[in-house]
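Biologist: Please take a close look at one part of this model. Which salt bridges does a search of the whole structure find, and where do they sit?

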Amino acid sequence: MGPAPQGQYPGYAPVYQPVHKPMIESVRPIVSDLMLAIAAVVGLFLLMLGWMIFGLAGTNAGADAGQVVKAFGLFILTVAMMLGGLIRVDMEKWVRASLVIGAVLLVTWEGFWSFY
């Protein structure tokens, strides 16, 4: 007998690996324009509601409840702005930069729990 035939063996097919998408491709549909707008509106609503509860509260417990609602609204708003600025590469760079700077300024000046 002679040497074995060169090339692929007839019984073995090449193994094809599926193409892996980057993780950002899974997250990008979640951060659509509609989802960012909904998160911004909900965040602003909770901020307004928290300030109203804080302003109308007659006791420290009521003021604390207003601060909790305000902090939750601020959190939602800053997350929406940060995600929009960091993940949405299809937006213009100045829009993205202003979203990130705006979120940083909100947290810096307003803070999640401010004392008045």
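Modeller: A search of the whole structure finds 2 salt bridges. A salt bridge here is a side-chain nitrogen of Lys or Arg within 4 Å of a carboxyl oxygen of Asp or Glu. Keep in mind that this is a predicted model: local features need pLDDT of at least 70, side-chain atom pairs count only at pLDDT 80 or more, and totals for chains, interfaces and linings use all residues. Residues are numbered from 1 along each chain as its sequence is written, and side-chain values use heavy atoms, with hydrogens and water left out.

Start with aspartate 33 and arginine 88. Their closest N and O atoms are 2.7 Å apart. Aspartate 33 lies in helix H2 (33-56) and arginine 88 in the loop between H3 and helix H4 (93-110), so this pair ties together parts 55 residues apart in sequence. Helices are DSSP runs (H or I, at least four residues), numbered from the N terminus.

Now take the other pair. Aspartate 90 also bridges to arginine 88, and here the closest N and O atoms are 2.8 Å apart.

Aspartate 90 is exposed, at 55%. Buried means under 20% relative accessible area, exposed over 50%, and partly exposed in between (1.4 Å probe, protein chains only).

Of its 116 residues, 23% count as buried.

Definitions and conventions. Helices (H or I, at least four residues) and strands (E, at least two) are DSSP runs, numbered from the N terminus.
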